[in-house]
Amino acid sequence: MTDLIKLPHTGLHVPHDRYTLADFQQMTTLCGIAYNATVHEGERCVGVIENQGNGGGTWFFPATAADRRAVHAFAAACRMDGEPLSEEQVLDHLITEHETAQDVAKCARRRASLLRGFNEGGEPGVSIIASAPPVWLDRADSPFLPRLARDLKASAPDVAAWELWTGGQWKPLILPAVPA
(Lines give C-alpha, C1' and ligand atoms only; values in the text may rest on other atoms or scores of the structure.)
Protein backbone atom coordinates (compact mmCIF):
# COMPACT_ATOMS: atom_id res chain seq x y z
CA MET A 1 0.00 0.00 0.00
CA THR A 2 1.21 3.49 -0.72
CA ASP A 3 1.89 6.06 1.96
CA LEU A 4 -1.29 7.60 3.25
CA ILE A 5 -1.84 11.25 4.16
CA LYS A 6 -3.46 11.98 7.52
CA LEU A 7 -6.12 14.68 7.39
CA PRO A 8 -5.75 17.07 10.33
CA HIS A 9 -9.31 17.40 11.60
CA THR A 10 -10.70 13.87 11.35
CA GLY A 11 -7.58 11.72 11.46
CA LEU A 12 -8.72 10.00 8.25
CA HIS A 13 -5.78 8.60 6.29
CA VAL A 14 -6.26 9.11 2.54
CA PRO A 15 -4.23 7.92 -0.47
CA HIS A 16 -4.04 11.45 -1.92
CA ASP A 17 -5.28 14.97 -1.25
CA ARG A 18 -6.34 15.86 -4.79
CA TYR A 19 -10.06 15.76 -3.98
CA THR A 20 -11.48 19.00 -2.65
CA LEU A 21 -15.03 19.92 -1.71
CA ALA A 22 -16.84 23.05 -2.86
CA ASP A 23 -20.35 24.46 -2.88
CA PHE A 24 -21.04 22.89 0.51
CA GLN A 25 -24.61 23.45 1.65
CA GLN A 26 -26.51 22.10 4.64
CA MET A 27 -29.83 22.51 6.35
CA THR A 28 -31.51 21.04 9.40
CA THR A 29 -34.44 18.74 8.72
CA LEU A 30 -36.85 16.99 11.09
CA CYS A 31 -34.69 13.84 11.01
CA GLY A 32 -31.18 15.28 10.86
CA ILE A 33 -28.96 17.49 8.75
CA ALA A 34 -29.20 17.38 4.98
CA TYR A 35 -26.12 18.38 3.03
CA ASN A 36 -24.38 18.22 -0.29
CA ALA A 37 -21.00 19.21 -1.66
CA THR A 38 -19.36 19.08 -5.05
CA VAL A 39 -16.19 17.00 -5.24
CA HIS A 40 -13.44 18.39 -7.46
CA GLU A 41 -10.11 17.06 -8.62
CA GLY A 42 -8.34 20.24 -9.63
CA GLU A 43 -10.83 22.26 -11.67
CA ARG A 44 -12.82 19.21 -12.79
CA CYS A 45 -16.04 18.16 -11.07
CA VAL A 46 -15.86 14.50 -10.08
CA GLY A 47 -19.35 14.28 -8.56
CA VAL A 48 -21.52 15.23 -5.61
CA ILE A 49 -21.69 13.92 -2.02
CA GLU A 50 -25.22 14.08 -0.66
CA ASN A 51 -27.14 13.18 2.46
CA GLN A 52 -30.86 13.92 2.45
CA GLY A 53 -31.06 14.36 6.21
CA ASN A 54 -33.83 11.79 6.63
CA GLY A 55 -31.84 9.22 8.57
CA GLY A 56 -30.59 7.54 5.41
CA GLY A 57 -27.10 7.19 4.05
CA THR A 58 -24.56 9.49 2.50
CA TRP A 59 -24.18 8.93 -1.22
CA PHE A 60 -21.76 9.82 -3.99
CA PHE A 61 -23.22 10.73 -7.37
CA PRO A 62 -20.34 10.56 -9.88
CA ALA A 63 -19.92 12.72 -12.99
CA THR A 64 -18.72 9.68 -15.00
CA ALA A 65 -18.31 5.94 -14.57
CA ALA A 66 -14.53 6.48 -14.35
CA ASP A 67 -15.10 8.93 -11.47
CA ARG A 68 -17.24 6.30 -9.72
CA ARG A 69 -14.42 3.77 -9.95
CA ALA A 70 -11.78 6.32 -8.85
CA VAL A 71 -13.74 7.45 -5.78
CA HIS A 72 -14.54 3.84 -4.89
CA ALA A 73 -10.80 2.97 -5.08
CA PHE A 74 -9.97 6.11 -3.05
CA ALA A 75 -12.45 5.12 -0.32
CA ALA A 76 -11.21 1.52 -0.28
CA ALA A 77 -7.66 2.76 0.35
CA CYS A 78 -8.66 5.09 3.21
CA ARG A 79 -8.02 4.09 6.83
CA MET A 80 -9.00 5.27 10.28
CA ASP A 81 -6.78 4.03 13.10
CA GLY A 82 -5.37 1.50 10.63
CA GLU A 83 -8.79 0.03 9.84
CA PRO A 84 -10.66 0.19 6.52
CA LEU A 85 -13.93 2.13 6.36
CA SER A 86 -17.06 1.91 4.27
CA GLU A 87 -17.34 4.35 1.39
CA GLU A 88 -20.15 6.10 3.26
CA GLN A 89 -17.94 6.58 6.33
CA VAL A 90 -15.17 8.03 4.15
CA LEU A 91 -17.63 10.46 2.54
CA ASP A 92 -18.91 11.53 5.97
CA HIS A 93 -15.32 12.11 7.17
CA LEU A 94 -14.56 14.19 4.07
CA ILE A 95 -17.59 16.37 4.84
CA THR A 96 -16.52 16.73 8.49
CA GLU A 97 -12.97 17.59 7.40
CA HIS A 98 -14.31 20.27 5.06
CA GLU A 99 -16.69 21.75 7.64
CA THR A 100 -13.96 21.87 10.28
CA ALA A 101 -11.52 23.50 7.85
CA GLN A 102 -14.16 26.17 7.16
CA ASP A 103 -14.56 26.77 10.92
CA VAL A 104 -10.77 26.96 11.33
CA ALA A 105 -10.56 29.57 8.56
CA LYS A 106 -13.38 31.58 10.14
CA CYS A 107 -11.60 31.52 13.51
CA ALA A 108 -8.31 32.60 11.94
CA ARG A 109 -10.02 35.61 10.33
CA ARG A 110 -11.62 36.57 13.66
CA ARG A 111 -8.53 35.85 15.79
CA ALA A 112 -10.66 33.34 17.69
CA SER A 113 -10.13 29.73 18.78
CA LEU A 114 -11.87 26.59 17.63
CA LEU A 115 -12.49 24.08 20.41
CA ARG A 116 -13.93 20.60 20.08
CA GLY A 117 -15.31 18.46 22.85
CA PHE A 118 -15.29 14.69 23.18
CA ASN A 119 -17.65 12.42 25.10
CA GLU A 120 -16.50 9.70 27.51
CA GLY A 121 -16.13 7.28 24.59
CA GLY A 122 -13.72 9.61 22.82
CA GLU A 123 -16.16 10.56 20.08
CA PRO A 124 -16.28 14.23 19.03
CA GLY A 125 -19.58 15.78 19.99
CA VAL A 126 -19.44 19.56 19.93
CA SER A 127 -17.43 22.41 18.42
CA ILE A 128 -17.31 25.85 19.98
CA ILE A 129 -15.70 29.10 18.91
CA ALA A 130 -14.01 30.97 21.77
CA SER A 131 -13.38 34.69 21.28
CA ALA A 132 -9.74 34.52 22.46
CA PRO A 133 -6.94 33.65 20.00
CA PRO A 134 -5.34 30.20 20.36
CA VAL A 135 -2.06 31.61 21.63
CA TRP A 136 -3.93 33.00 24.65
CA LEU A 137 -5.56 29.65 25.46
CA ASP A 138 -2.54 27.45 24.77
CA ARG A 139 -0.85 28.42 28.05
CA ALA A 140 -1.52 26.80 31.41
CA ASP A 141 -1.21 30.20 33.14
CA SER A 142 -3.66 31.96 30.83
CA PRO A 143 -6.03 34.22 32.79
CA PHE A 144 -8.81 33.30 30.34
CA LEU A 145 -8.92 29.59 31.28
CA PRO A 146 -10.92 29.73 34.54
CA ARG A 147 -13.80 31.61 32.94
CA LEU A 148 -13.61 29.48 29.78
CA ALA A 149 -13.75 26.34 31.95
CA ARG A 150 -16.91 27.62 33.70
CA ASP A 151 -18.54 28.62 30.40
CA LEU A 152 -17.74 25.29 28.74
CA LYS A 153 -19.01 23.33 31.75
CA ALA A 154 -22.27 25.30 31.66
CA SER A 155 -22.80 25.06 27.89
CA ALA A 156 -21.59 21.48 27.35
CA PRO A 157 -21.68 19.61 30.68
CA ASP A 158 -21.39 16.15 29.09
CA VAL A 159 -18.05 16.85 27.40
CA ALA A 160 -15.27 14.77 28.96
CA ALA A 161 -12.29 16.40 27.21
CA TRP A 162 -11.59 19.45 25.07
CA GLU A 163 -9.10 20.10 22.29
CA LEU A 164 -7.86 23.40 20.88
CA TRP A 165 -6.84 24.03 17.27
CA THR A 166 -3.51 25.82 17.64
CA GLY A 167 -3.28 26.85 14.01
CA GLY A 168 -1.37 23.75 12.98
CA GLN A 169 -2.68 20.89 15.09
CA TRP A 170 -5.24 19.79 17.64
CA LYS A 171 -3.92 19.88 21.18
CA PRO A 172 -5.58 18.95 24.49
CA LEU A 173 -7.00 22.03 26.20
CA ILE A 174 -5.98 21.86 29.84
CA LEU A 175 -8.70 23.56 31.86
CA PRO A 176 -8.70 24.26 35.58
CA ALA A 177 -11.21 22.36 37.71
CA VAL A 178 -14.63 23.95 38.02
CA PRO A 179 -16.26 23.74 41.46
CA ALA A 180 -19.57 21.87 41.43
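Start by selecting Phe144, which sits in the loop between helix 3 (134–137) and helix 4 (145–155); helices (H or I, at least four residues) and strands (E, at least two) are DSSP runs numbered from the N terminus. This is a predicted model, in which local features need pLDDT of at least 70 and side-chain atom pairs count only at pLDDT 80 or more, while totals for chains, interfaces and linings use all residues. Residues are numbered from 1 along each chain as its sequence is written, and side-chain values use heavy atoms, with hydrogens and water left out.

Phe144 is partly exposed, with a relative accessible area of 37%; buried means under 20%, exposed over 50%, and partly exposed in between (1.4 Å probe, protein chains only).

Next, select Leu12, in the loop between strand 1 (5–6) and strand 2 (13–14). Leu12 is buried, at 0% relative accessible area. Leu12, Ile49 and Val90 touch the most other members of the largest nonpolar core, which has 22 residues. A nonpolar core is a set of buried Ala, Val, Leu, Ile, Met, Phe, Trp, Tyr and Cys residues joined through side-chain atoms within 4.5 Å. To see where this core draws two or more residues from an element, colour strand 3 (19–28), strand 4 (33–41), strand 5 (44–51), helix 1 (65–77) and helix 2 (87–110). Helix 2 gives the largest share, four residues. Another core, of eleven residues, lies apart from this one; among its members are Leu115, Leu145, Ala156 and Leu173.

Return to Leu12 and show its contacts (heavy atoms within 4.5 Å). Beyond four places in sequence, they include Ile5, Cys78, Met80, Val90 and His93. A C-alpha distance of 9.4 Å separates Leu12 from Gly82, 70 residues apart along the chain.

Move to Cys78, in the loop between helix 1 and strand 7 (79–80). Cys78 is also buried, at 0% relative accessibility. Leu4 is 74 residues from Cys78 in sequence, but the two C-alpha atoms are 7.8 Å apart. Among the contacts of Cys78 beyond four places in sequence are Leu12, His13, Pro15 and Pro84.

Now select strand 11 (residues 161–165), where four of the five residues are buried. Strand 11 runs antiparallel to strand 9 (residues 113–118), joined by four bridges; two strands pair if DSSP finds at least two bridges between them. Glu163 in strand 11 stands opposite Arg116. Strand 12 (residues 170–172) is also antiparallel to strand 11, with three bridges, and Trp165 has Trp170 as its bridge partner. Strands 11 and 12 form a hairpin with four residues between them, and Gly167 in the turn has a positive phi of about 110°.

Finish with Asp23 in strand 3, a non-glycine residue with a positive phi of about 55°. Asp23 is exposed, at 51% relative accessible area.
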